[in-house]
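Hi there,

Here is the structure I promised to pass on. Please have a look at it, and then read my notes below.

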Amino acid sequence: MTLRLAVLASGRGSNLQAILDAIAAGTLDAEVIGVWSDRKDAQALVRARDAGMQAHAIRPRDFVDRAAHDAALFGALDAAGPDLIVCAGYMRLIGADVLAARAGRMINIHPSLLPDFKGLHTHQRALDAGVPEHGASVHYVTAELDGGPVIAQARVPVLPGDDAATLSARVLGREHPLLLETLRWIAAGRVALHEAGIHVDGRASGPLQLAATDRFP
Ligand code: GRF
């Protein structure tokens, strides 16, 4: 089944681009039905329009409060009817009730090995903590910020001499294949959210780990 994706992005949009490129190359059985941003100037919107698709800015400042913004954004998303909502660098908090209604149908990519380093500035915090390994995680979105069940992770070493920029670039290079492989497994119906956590091929599972081949073993 071709997975119908709605993508939420606030900035650069390199993860969105990776999705668009994989679909164009025939390596991901999915369709991006629209891209939504909280910022008019998001590069992600330019990338979407360049690919010939619907791109929308729904700005919080145009609404009285977060609930009204959520209602507008998720009203538009529901009207589009995605199978899955992908947060790819979407930098806004979303109300708990909105998220609860979409449990198991919304994922986020976060640049750390969750549960470590939830929130912002993950690369600098990993360096400050002196961890030998860092990476990225794809998780189901719940009301707890970056706290939903982790579906999959990609790991990179922290190398001597790294700064936040070099570490961030190394992680980003693994984020794209991680997100694509996760989407392939979701599209194939191999991953689902259950009460107690994720199920892979019908069984309770810890996070899938991306191999050097860019696949899950
Ligand atoms: C990525 O590092 C993602 O993990 C984080 O925000 C960044 C977005 O990058 N949530 P891009 O906009 O996809 O290039």
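**Strand S5 and its partners**

Strands S5 and S6 pair in the antiparallel sense, over four bridges. Pairing here means that DSSP finds at least two bridges between two strands, and strands are DSSP runs (E, at least two residues), numbered from the N terminus. Before going further: this is a predicted model, in which local features need pLDDT of at least 70 and side-chain atom pairs count only at pLDDT 80 or more, while totals for chains, interfaces and linings use all residues. Residues are numbered from 1 along each chain as its sequence is written, and side-chain values use heavy atoms, with hydrogens and water left out.

S5 covers residues 106-110, and five of its five residues are buried (under 20% relative accessible area, with a 1.4 Å probe and protein chains only). Met 106, Asn 108 and His 110 point one way from the strand, and Ile 107 and Ile 109 point the other way. In general, side chains in a regular strand alternate between the two faces of the sheet. S5 also pairs with S4 (residues 84-87), this time in the parallel sense over three bridges; there, Cys 87 has Asn 108 as its bridge partner.

**Ser 137**

Opposite His 110 stands Ser 137, which belongs to S6 (residues 133-140). Ser 137 is buried, at a relative accessible area of 0%. A polar atom of its side chain lies 3.0 Å from the backbone nitrogen of Leu 114; a polar contact is a pair of N or O atoms within 3.5 Å, and within protein one must be able to donate a hydrogen and the other to accept it, with residues adjacent in sequence counting only if both atoms are side-chain atoms.

Oxygen atoms of the ligand lie 2.6 Å from a polar side-chain atom of Arg 12, 2.8 Å from a polar backbone atom of Asn 15 and 2.9 Å from an N or O atom in the side chain of Glu 175. Taken alone, the ligand exposes 370 Å², and the protein buries 87% of that (Shrake-Rupley areas, 1.4 Å probe).

Happy to talk any of this through.

Best wishes

Methods
Buried means under 20% relative accessible area, exposed over 50%, partly exposed in between (1.4 Å probe, protein chains only).
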